[in-house]
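Please read them against the coordinates.

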Amino acid sequence: MAFMSKLFLYVLIAILGLWPSKAQSRTLHEAPTMLEKHEQWMSQFGRVYANETEKQTRFAIFKSNLEYIESVNRDGSKPYRLGLNAFADLTNEEFRTTRTGYKPSFHSKSSVRTSPFRYENISEIPPSMDWRQKGAVTPIKYQGNCGCCWAFSAVAAVEGIHQLSTGSLTSLSEQELVDCVADNYGCKGGWMDTAFKYIIQNNGLTTEDNYPYLAVDGTCDAGKASSPAATITGYEDVPANSESALLNAVAKQPVSVALEGSGKDFQFYSSGVFMGECGTELTHAVTVVGYGIGEDGTKYWLIKNSWGTTWGEEGYMRIAREIDAAEGLCGIAKKASYPTAA
Ligand SMILES: *[C@@H]1O[C@H](CO)[C@@H](O)[C@H](O)[C@H]1NC(C)=O
Ligand SMILES: *[C@@H]1O[C@H](CO)[C@@H](O)[C@H](O)[C@H]1NC(C)=O
């Protein structure tokens, strides 16, 4: 009797597919190999290589980048985390030459300019600010393989002041700046103040829709450039090396800044308040669209980048604010400026 019921149980288990060895073999899975991780990443980011040699070269770079990312995250001593993003198969050298684009040699020349600073004496500075919540920031854009961060930085600042002065948020054209600002170098780099100067002289900047972004240098389309959608009346530099002056300005509008945005931790930043090691050699341009204080009391700037939404916190970075050095972390307070509108 006991034997029969035991047999019955075994049969039942077998029928239901609950046989222990079967269940075990189903849950036994191995962690993906480095090669599989590379394949996964390639399909996630739509990456295709020309041939097997190229793929092997890129795999070696990917592997070394992923090992670095995992070692920083495992270490856990930093308040920010790194992650795989669109730059995972680029060496840091390739990354800095093709994905940034601020011309550092210019700042000595341009700092000769003494401009008024209209926010010098503002009295009310809120403890935090997020211009996205005020409807003054367009969605994150992607500069691609073109070193025109300066255009994205300038456009985000103009989109901001345009919304604040007119009430309407309009996505504006980086490509017009890349093609038409004769004093900059298009995909090979440039400066925001030069872009603001062009927008003033051209009586405005057209929309993204009218003059879409192509991520390559082109010739200026005068027809498209002659139908501006947003105008500015001037631009001013924030007094250099003062995070408190920068705070005054960002309390009032989104502000263009240059910083050293080319280190490995910057390349793979994923979340948290960035406090990575960086110098103050200005290589990249972004737009400060707010500031705040983290849960642990860390003060930060909120920056809008132009590296798509897979970089950082959906395309944004929180970077440490009010550090010991006057020039700010990564030199963020060295060369800030903003457009003005009537
Ligand atoms: C493989 O592709 C790379 C990159 O496009 C190219 O430079 C190289 O000459 C190619 N090699 C072969 C063997 O086709
Ligand atoms: C700020 O205040 C100082 C001292 O009163 C004054 O000299 C300066 O012109 C003011 N700046 C602005 C932009 O109003």
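1. Contact here means heavy atoms within 4.5 Å. On that basis, 75% of the protein's contacts between residues at least 6 apart in sequence join residues at least 24 apart.

2. This is a predicted model, in which local features need pLDDT of at least 70 and side-chain atom pairs count only at pLDDT 80 or more, while totals for chains, interfaces and linings use all residues. Residues are numbered from 1 along each chain as its sequence is written, chains are lettered from A and ligands numbered from 1 in the order in which they are written, and side-chain values use heavy atoms, with hydrogens and water left out.

3. The protein has 12 helices and 9 strands, taken as DSSP runs (helices H or I, at least four residues; strands E, at least two) and numbered from the N terminus. Of its 342 residues, 51% count as buried, that is, under 20% relative accessible area, with exposed over 50% and partly exposed in between (1.4 Å probe, protein chains only). The protein exposes about 16,400 Å², 54% of it supplied by carbon and sulfur atoms; the areas come from the Shrake-Rupley method with a 1.4 Å probe, and for residues only the protein chains shown count as cover.

4. Helix α7 covers residues 149-166, and its end C-alpha atoms are 26 Å apart, in agreement with the 26 Å that its 18 residues should span at 1.5 Å a residue. The expected span is 1.5 Å times one less than the number of residues. Because 15 of its 18 residues are buried, α7 is largely enclosed by the rest of the structure. Just after α7, Gly 167 has a positive phi of about 85°.

5. Arg 321 sits in the loop between β8 (316-320) and β9 (337-340). Its relative accessible area is 7%, so Arg 321 is buried. Leaving out residues up to four places away in sequence, Arg 321 touches several residues, including Glu 243, Tyr 291 and Trp 301. The side chains of Arg 321 and Glu 322 form a polar contact of 3.4 Å (N or O atoms within 3.5 Å, one able to donate a hydrogen and the other to accept it; residues adjacent in sequence count only if both atoms are side-chain atoms).

6. Thr 231, in the loop between α10 (222-225) and β3 (234-237), is partly exposed at 47% relative accessibility. Beyond its neighbours within four places in sequence, Thr 231 contacts Asn 203, Gly 204 and Ala 341. Thr 231 and Ala 341 are 110 residues apart along the chain, yet their C-alpha atoms are separated by 7.2 Å.
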